[in-house]
Every structure is written in C-alpha cells, then in structure tokens.
Amino acid sequence: MNISIQGLNKTYPNGNQALKDVNLEIKEGMFGLLGPNGAGKSSLIRILVSLMNPTSGKVMVNGKDAAKNRAYVRSMLGYLPQDFSFFSNLKTYEFLDYAAQLAGMSSRKKRNLAVDQLLEDVGLFDVRSRKASNLSGGMKRRLGIAQALINEPKIIIVDEPTTGLDPEERIRFRNLLARLGSKDVSIILSTHIVADISSICEHMALLNKGQIAFSGPPGELIRQAQGHVWSIYATEKEYLEVTQKYEVVATVMMKDGWKITVVADEVIGYEAEAVPPNLEHAYVYFVEHTLKKIIA
Amino acid sequence: MSSTFLTIAKYERKILLRSWFFRIFSVLTLFMIFIFNMAEVSEVGNRTWAYRAVPSNMPYLAIYFLNIGQAIIAVFLSSEFIKRDKQQDTTEVFYVRSMSNASYVLGKAWSILSIFLLVNLLALILSLIFNSLAKDTSIEWEAFLYYPLLISIPTLVFIIGLSSLVMSIIRNQALTFVLLIGYILSSLIYLKSSHNYLFDYMAFHLPMFHSQIIGFGNWETIWTLRAMYSCFGLGFLFISILLLKRLPQSYFANSISTLFALAFLSGGLFLGNQHLKRYNESVDLPKQMIELNNKYLSYPQIDINSHEITLSQAAAEINVDSKINGVSKEDSKEFVFNLNPGLKVNSVQIDGKPIAFERKLQLLIIKFDTIIPKGTLVNLQMNYAGSIDENAMYIDIDQNLKFKRPNDFIYDIGKKYAYLHAQYLLLTPEAQWYLQSGVGYSSLSPSWYHKDFIDYQLTVKTIPGLTPISTGQMKEKEENTYVFELDFAISQLSLAIGNYQKKSVKADSLEFSVYYIADHDYFKDAFPDIRDTLPSIILEHLNDYERKIDLKYPFKEFAIVEVPGQFKSYDRTFTSIHQNNQAGLVYFPEKGLFSRDNDFNGSVKRQKRWNGNGNKTQEELQITVLNRFLDMFYRFKDVSTNNRGQQNNIEESINPYYQFVQFYEICNNLESEKWPVLNRVFESYLRGSQNEGPEWVRRNTGSTQNELANMVLQEKTFAEILNLKENQELIDNVIELKGETLFSMIEAKANSDQFRIFINDLLAETQFQNFPFEVFNEKIKQKFGVDISQFMDNWFNEIQQSQYRFSTPIAEKVLAGNKEMIQVSFKVTNDGSKEGVIKVSLTPDENKDKLLYLEAGQTKEAIYLVTKEPTGIRFNTLSSGNLPNQIEYNFEQINKSSIKNSKEGESIVDAPIYAENSGELIFDNESSAFEITHYEEVSRLRKWLKPIEGEDFKYKGTQVWRPPLNWTATTNDNFYGEFIRSAFYIKSGDGSKFAKWKIPISEPGHYDVFYHVYKDESFGWDRDVRGSYQFTIPHQNGTDRPTIELTKNSQPGWTSLGDYTFSADTITISLSNETKLRAIFADAIKLVKME
C-alpha cells in the first residue's frame, strides 16, 4: 500500500487557502497527522477520502491517480469523520450491516459474522439491537470506528477519533488500531491529541497552516527537541514572569512555588534543569519555537 | 450498480417505514378508504351505485384517494432525504463507499416509491375485500393493475423527481415544501383541466373512468400525460444525480446520467408537445369550422327528401354509401353539405356519373357543370370512409364547459360524444356521420339551424357478432347486414352497434325495451314481485304524463339503449333534444351508473330501511322503486348546487333523459326563418310550467333560475339575451319564460277553451313534417281572430315591462245558483307600460292554471268558484317586473258570506290597487329612504383563494343556518314589496350594524308605527327559537327603543311598534343586528296617521 500526495493545494471559494503544496508519502502502518486546529488536516483528509477535489496536485494510491480511479480508492477505504453523531432510524447492527453491504460484502453469512465480530471488538455486541441514535456518545464513536473497519479496508482514515472518549475507551481504541496497523493496511490518524500518535504511530506528519512542517518518525521530532525542554522551579513572584517569557508546556504546583515545564533554547535567571522531551514537548517546541523562528 | 442500488433502497425503506409521519399518513389514508368503502360500496352504506355498477370504479376510488395524499407526502419524504444528507455526517461514511451517485439517488427514490406502492397494495387489498363482499357487482382484476400503474406510479415518480431536483437546487427543505405545495395547489385549484389536463400531474382531474364497454374514454390523452410525467420525473431524478454534492464515482457514470436525464426530459417534452398539439387542434378546429360555416351560411342548399345510408363497420372506421334524393332550393351550380371532417369523401355521383366536389373541413361542396334551377330533383350518390373527429362535435359549446368537471361523482368520469371502436360504435347526429344539407353551427345567425324531416333508410353491415340499434323496425337482410325500416320521416338519425341484447315488455300496442350489453342485465331479477304488472305500471306512468301534457306518445316502441358511461350531450339553445334522444329511444349510460335510483335491488333494501316503510310489502317497495326510476324520464331539469365564494349556486340543466322531446320536438317542428327560437318557445308552452325548481333552490340561492331570467329580461330584450355571451345558463329559462308568457298571452287573447284542442289537432296534422309559422299564424287567426305576428316583433325586440299589484285574495263560502261554493276573489292592477298576462292557480294544484290578461294600466277583478276548499292561491307573474314571480297566499279561514248568485269571471275595475291605503306611509327596503351600514368582512386570503367570478345578481339566497356578515338583499313572497318583495338580512350580532329608514314627515302629528315582520324558516324547525327585533325611534319627546319579540307563535306581517308624535322633519328609524335569533331581516316600516 502506497499513498503518495503530490503538490496538493486547496483553496476554498472564499479565498482561504487550506493546503499549500502538500507532499507526503504514506506506507503501510499507522500514520499520524498532527496539527493545531485549522491547520488543514480535515481538508487533506476530505481530499484523501474523495469527498472533495484538490485545487491542484494529486493523490496517487498504489500508483493510480485517486481522482481518476475513485471506484478503486473507495473500494479500499474505511473512514470515520470527525463528528459522527447523527444516525438514521436504524438499529446498531443494521447500521453496520448497511455499511458492510455498501463496502461490498454481498454474502449475508460472511456479513453477519463480520458484523458480530466487529461489534464484539468495539464492545457493542450487547447493544446490537438498540437504535444507533440511542447509543451514548462513546458508543456512537465506537460504532463509527466499527463501520470504518468493516470489510477489512486497506486504507483507514480516521479524523480526530478519540475526541469525546473516556481514557479507557481511548486506550481500547488505540489498541484496536495498533492491531490493524500490523497488517497490510495504511491507517491515517488525524488528530490534535499528541498522545494518540505518540503511542502508536510509526510515522507522522505535522501540518501547520496548510503546510507540512515536519514529516518523519515521531522519534525524530522528539530528537530535535532534545535539550530544549526545561523544568523551572519558580516562586510565587516569578511565576507570572516565567509564563510570560517562555512557552509553557506544563505547570505543577509545589509546596513552595511552581514547577513549570517550558520549551526554550536556554533558560537564564531561574532555577532550571533540562528534562528529556516527549512527543508533546517536541510538538510544542516545533510549532511554537522552531516554526516561528523559521518564519521570523 | 444493482446491488448497491438495492442495498440503499432496502435500508432507506426501513428508515421510512419507521417514520411516524409516514405511518400516520398510511393509517389515516387506509382508514379513510375503509370508511369510504363502507359508505359507498358496502351493504352498510350502499350509497353510490356507480362503484358497483362499473366495478373498476372501486379500485379507482381507492387509488384516487390515496394518490391525493401520497402526492403531497412524497414531497416531504423526498426533500427530507436530501435534508438529512445535508446535515448528517453519517452520510459521509456512505459517500466514501464505492458506489455511483446514480445508485445512491435512484436507490433512495426507489425506496420512497416502493413504500408508497406498498400502501397502494394495502389500499387495493382493502378495496378488493369490499369489492368481493359487495352485492350486484363483479371484480375487474385488470383495474387493480392499471389504476396504480397509471395514477400512482407516474404521480410518485414525477413528484419524487421534482422534489429531489428542487431540493438539490435550493437546498432548503421548508422552501422546497412551500414551493411544491404551491405548485400542487395550483394544479388542483387553478390549472385543473387547463390545456386538456396538461398540468394535472396527480391525475386528480383527468378522467380515468374505465367503461366496461369501451375502456378508457380518452386513452391517448391518458397514456401521453402519464408517460410524460413519468419521463419528467425520471429526468429530474437524473438531474438530481448530477447535482448531488458528492464527487462522482467516475466521469463515465456521470455521462450516462446526463444521457438519461436528457433522454427522459426530451421524452417528456416530446409527449407534452404532442399533447399540446392535439389540444391546440381541438381548440382551433371548432373555430375554423365556425368560420367556414359563417362563410358558407347562405350558400345554396338541397332540400333532402330521402336518404339511403349503407354503413359498413370496420374496426375504428366506417365506410358509407349514401344515396340522397332532394330538391335544389336555389338556382346554383354549387351546393353545400356538411359531414364530419374525419370522414374522407371518395366519390360523388349524380345519377351514376361522377361529379366534381370540394372538401373543406366539415363542408362538402358539390359542383355541377351547369346551373341547377331551383326546384330540380337531384339524385346524389356518394361514398365516404374514415373515422369521427370528436373535436368537430359541439363546436358551439364553450371549451370551458367541455372541460367542466361535473358534480356527479368524486372524480370526473369524462365526456365522450361518439364511439368508434372495434367492439362498439355510437354515432349521433352531432357526429355528422351522415351527410346533411347546409352548414352546421354558425355564430353569425341562428338561421343555420333548420330541421328537415327526411325519409331515412339505414342499412348496417356490422362486425360479426355485433347488433346495430337505431330507430325503426330492424330486419336481418343477410348475415351481419341489417335494415331499419321506418314508416315516418325523422329529423335525425343515430346508430349504436355493440354486443347488444334485448329485453322487452308489451303493454297495449306499445313495446318497452331495454337494449343492454351482454352480461349487463343486472336488472333482470330486480322486480320479482311485480313482474306481471310491470308493463301496466310503466304504461300507467306514461298515460299519466300524457294526460298532464295533453299529448300522445307518437311511437310504437320506447327503448332504453345502454351506452358507455362517458357519453355526454349538452343543452342547446336552439333545441331541447339532447343527443341521448332519438325517435323512440334514449341512450342511457352503462348500468345507469349516474344515479342510485338505478340500483334497483339496493333501492328496494333502502326503501325497506326507511322510516314508515317497515310495513310495506315487497311488492309496494318494488313499485316505489320502479316509479322512481320511471320518474327520471319525466323530470325536466337536473338541479345541483355548487359552492362559489360564500354563496351556494344552483346549476340547472335539461335532464338528458327527459322524454317530452318524444312528444313534440322529435316529431314536430314549428318552423320560422325569422324567429328560429319559436320552436322551443312553442315547446315550452306545450310542456307547461315545469320550470320552478324545488323550494330548496330558492332557499339556497334566493332566486330561482326563472326569477334570475326575469331579472335579465327586465334589462335586455329577448333578441339581445339570445346573443349574450354571459348568463348562458339562464337562456333556457328565458326561453321558457318568454314562451310561457307569449303563448299564455295568445291563449288569454283567444279566450277560448278550444285553444289547446285546436293546437293539438294542428300538431297531429303536421306530425313528422315542418310546420311553417306563417301557416300556423293564419290558422290561429282564422279560428280565434288573434294575429300572433302582430306582436311578435315587440315580444322579440322590446323589453316588455308589466308589473302587478294585487289586493289580498279572499276566499269565502257563497251561493252560486242554489249550490254552496267557495268563491276566491282578488283584484290586480297592471302598473307597467305594456300589456301582460298572469297565471293563477288554486292550491292544492288540481285545476288547470287560469290566465288573466291585463292591458297596461288596467285593473281587473277575478272571481273563481270551486267546490273544494282551497288552501291558498298562487299568482305566477311570468315575465314581469315582479320579484319573486310566484306569489302565494294562504287562506287561514274560509267564512260564510252573504253573497248570492256568485258568478265566475273577470271584470275590469276602474279603481286601481295602490300599495298604500290613505293615511299610510310605507318605506320599504327598496325605497331610497332605506340605508344599511356596510362592512367588508371577507378576508383578503379568502378573496385571493376564492375570487368571485363574474357579475353577481343583486339578490342572494336566504341561508338562515349560515347568515351573511353583511346586510344582504334577498327575496321572498312573504316580504313586503310593491313589486319586488325583498328584504336585507344579516347574521345576529352585537348591535353594531344597523338598517335605517330615513322617513320624511311632511305632516307633523301622531302616528302609529308598524314593522313588517318576516318569520324565517328556523321558526319552522326550531321549537325554542325566540328573540327580538330592536328598533330606535326618535320622536318629538325623545328617543324610544321599542322591540318586537318573536316566538314560534308570533304572527308575521305588519306588527305595531307603538304610536309616536313626529314633528315636520326627517326621522331615522333604525333596526340593529342585536338579537338572539339567527338573523335579522330589514324589510319595511309603515306609518299610519292617527286622527
């Protein structure tokens, strides 16, 4: 499986340029698409799932132009949109069955097995006969995931999948994706939650203001932030000063003051120690520090 | 495509079936169909015969009802789909699946269509259950297929397509809904049958009645329109596919959709265009024909004496050999005939030699080489063949009337004037299927119409197995060839050919027959208990009628001939013969479906159920039912109501089955070139006054058609009215009224009991031939010394205004000779500018009407003597300035008087009758002293929705159960009025609306004041009705507010309001609308000067 995004641009009729010359190579496995809100993630995804045409550029899937081979691309696709809450008057299993038939599962027997299995996997088997519209928010999300996974798609694209899920569900979901990612499947995970990517993605891209700011393994992003993440121990007095001066990643209240984690090239005038960065630190460092510097 | 299409349809159908909106609609519709079937079809209700008479009407009824609902609900459901697509993210997960946009849209459309078809199936099952349980009917299985196929599917496909398209474009469900409901309402209410039902997408107006004899009336129109709507619907759906906000699966798939969209839209446009073309032809042809008729109106003609017609029936065509023997009316080389333009003339020969001819639409102009002198005997032979163009029929009838939906049934069963099918043929003279001399209808002059009594000899070669029906003795000449022998000349010839069978009974020398289509003898066991007496009952009925009209039935046979249900004929000004009538026979729509009186078995059961009939024997009940059926042939007019604006309107038309025509118009003709209408005028005199509609007509409309005709006659001359475009519906009544007035006048002037006997002798002498008016006049002149022609011009061209004032009639017991008798006396003054005649009859109606002739300004006293106490007296002022023109007085008590030697007769009196006695001042609502407060209380919306068309008459009906919100003029002979007995009435209210009488007091002094009280019909049926009339009377010493309390027992007429002193001034007496009664009537105030 090889998805090649080449020189993709998208400008909306109102003049807003959502994507600027995006180039990406996506192979099998989990691929994380990270970026702040409004970075162009959803636009990129809508183009990838053939809901929208790019203004220019193209998406090649296994060497075929996706715009000219929609049937080919769509037949391999599983998609979970960002907001997935409105349901028609169908029962949970019916909804999944509907999706299964549209995904090309014509054999009733196979379909029934697959539907039951997926319902089991996402923990909805017990509520299979409940109307989809009566499921809780988390359950609806899981049903959304299930419909994206039905008939073993080769390309799974999920947009902000863990929004609204409780921690337990989030972990379950990540595990489910990770399991699929081990097969010959490309999973594109678009999110603004760094933890989603750090735990499961082998590759990632960072999208900022419509452009790819970084593309590579998450470790590479973390490596770039090495030595740029600091813990500052600040008194009550210094607290305000520090938060105004540096890019704050985390703040912990201590007995005699504050422990503030910041990203910066260096820290002068405060009691500080360098700490090993995680992906979240790396993301903030990259977006708020490196990029700003480049632009400046 | 097919599997995704079906998947989408399957799940979307599931979603729809779970929608409460749809479920409620389905249940309600099915419930309504159930109730309707209970009422109309089942034994419980058993109301309308039409459904059981023609069984296809039962599934039609179910589908018709359902279709109205589904045509609207489908809009909502199909726009709802796109709305859901727009707002639901779930849609996106389907959009990314591998399927074509066509699968998606068509799948959804099919899901809607299929669930509606499911409801259709349930409705049809319901109908089938009722159908199989219903008595005296059968099941027409095909109808369960063709009605949903022709009505539901095109309707749904079109509306689903249109809704999807509109929603795809404007993407707002509310707006889509409003737009489409607007479109639906326009098609239902405004466009209706416009352009031959072109806009009737739901086949609400389109006649889709399926006759058991010939099937659909206008199959071409039906299939074209239904196919057109299906094409448009599919076209719109394919455009919706192109407009779907989803990237197409492939550009190839899109091209296919574009191709389909174009193909279906072009198909729809093509069919629509074909339909429009045919419609335009149907509109243009009559115009072109009239133009031609006008042009050739005075072209030379041949007076036909005998006509031999040999007609061969082919599938949808006829081939005719015609031999005409006639006399040229003028010196000419060319003569004009008319023949239906659908028939092609192949050859014309004179004495066996070919002769030149020219065909111009309906006209055939025969061209001789040399001038044929007037009076030359001409023998023409010709051959023509082809079909009948129905557009060439009834060219004088307005298109709107042709498309007017009749009130008979829930749906329009359609109109057909001629039939030419492989299994059935019906040709009336209107079809111009045989050659007639001269031109047809001309708008220039009524002189185009002339009746010729011709010796016809008809030979018919039918398709094997069919039987022809026409006037005369039918003899089978050879196999499938029949000859009709006639021993009298007739003025018109009709022919029906079908799978006819005959049942007949004989009474005296008369044969009563029914020619029915095989298996349609539903009546055969209808009267088991009176089978033996049936002929005598029928004959007795006929004899009673003969006595009533004082004429004898002229034929040896009277036959009822069954014809397809759509057969239609129109009222004409120049003749009262409907195309249903032919010498000795009447065409009757299949199984008499139009009236439940023709459901004999059902009628007997209904009779039994009715109150008071419980003890009647089967025999008595069957006689009642038979008599009701027979009454249909003796009833002059059909009266029906329709609601227009806030007002009920009455529609009157000549009953097409009315058989008076057999007694006069079919066998006699009073011919006048100058006044062609004279024949109808004379006919109306012979028929006598049958024109007064039932009492409910007056109550509903305020005026009978005759009174309205009288109103028109007060403003226009007879000649003008005959040429009027408006008030066409009143022309019959005007003719009746003028006819009755003219001949009553002649009879009154002749002043002889022998008048009618003399007339009858003349009619017998001139039977089956034309009777020139000049000869008629001469004979009257010789016998009675009355020259009719002297006052014909005035009668025709002047507004004749006579108006009458009556004294209160008195009935008293008197001595006449030695015998005690009842003397009824009254005086009457003709206050008009012209002579006039009134008809007087005593009730109960036993004696012949008495005529009273009055010169202008003359006063007469009339005395009538009768042996039996009359209950009242009725004056009919005929064509005059009096409204209403029937005035009735009841005699409460008949006392003994001292009069001896009383003698019947009339005498001229010097002193005229005045409205007011000396010392009395009367101020009526017709006087200038009367005023009302006027309010506009009709809402704008109502005005917009139901605009009142045309000009209205001043006087409206009296509807006490729903009185008007404004003061409204109405007439009634119980109101006060010098000539017009009218009042203004209004719904009871809060006292804010007043009627005022501004009375000038020329002589100050003390007056008794009276009000003319009218008791409306609510006093008749409501025992507890009571309430007051509240007046305000200003007088010299202040203002009084007297009231008149009314109860069931109060006396109507002049009622005292007290006595008052008035100074020399104008006083305003007012009456308010505040009362507990339903309505207040403002009529007249009377002041009587006290000594």
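Chain A is divided into domain 1 (3–216) and domain 2 (223–295), with bounds from an automatic or database domain assignment. This is a predicted model: local features need pLDDT of at least 70, side-chain atom pairs count only at pLDDT 80 or more, and totals for chains, interfaces and linings use all residues. Residues are numbered from 1 along each chain as its sequence is written, while chains are lettered from A and ligands numbered from 1 in the order in which they are written.

**View 1. Domain 1 of chain A meets domain 2 of chain A.** The C-alpha centres of the two domains lie 34 Å apart. Nine residues from domain 1 and seven residues from domain 2 make the contact (C-beta atoms, placed from the backbone, within 7 Å). On the domain 1 side, helix H7 (194–200), strand S9 (203–208) and strand S10 (211–216) of chain A each give two or more residues. Helices (H or I, at least four residues) and strands (E, at least two) are DSSP runs, numbered from the N terminus. H7(A) gives the most to this side, with three residues. The domain 1 side divides into seven nonpolar, two polar and no charged residues. Ala, Val, Leu, Ile, Met, Phe, Trp, Tyr, Cys and Pro count as nonpolar; Asp, Glu, Lys and Arg count as charged; the others, Gly among them, count as polar.

**View 2. Chain B touches chain A.** Here 23 residues of chain B are in contact with 28 residues of chain A. Helix H1 (2–17) and helix H5 (90–95) of chain B each supply at least two residues of the chain B side. The largest share, six residues, comes from H1(B). By class, the chain B side holds eight nonpolar, 10 polar and five charged residues.

**View 3. The largest nonpolar core has 182 residues.** Such a core is a set of buried Ala, Val, Leu, Ile, Met, Phe, Trp, Tyr and Cys residues joined through C-beta atoms within 7 Å. Buried means 20 or more other C-beta atoms within 10 Å of a residue's own, exposed 12 or fewer, and partly exposed in between; C-beta atoms are placed from the backbone. A:Leu96, A:Ala146, A:Leu189, B:Ala62 and B:Ala74 touch the most other members. Helix H6 (residues 101–133) of chain B gives the most to this core, with 15 residues. Beyond its neighbours within four places in sequence, A:Ala146 contacts A:Leu96, A:Leu118, A:Leu119, A:Val122 and A:Leu124. A second, separate core of 127 residues includes B:Val336, B:Tyr515, B:Phe776 and B:Trp795.

**View 4. B:Lys605 sits in helix H14 (residues 600–609) of chain B.** B:Lys605 counts as partly exposed because it has 15 C-beta neighbours inside 10 Å. B:Lys605 and B:Gln618 are 13 residues apart in sequence. Their C-alpha atoms are 9.5 Å apart in space.

Terms used:
Two residues are in contact if their C-beta atoms, placed from the backbone, lie within 7 Å.
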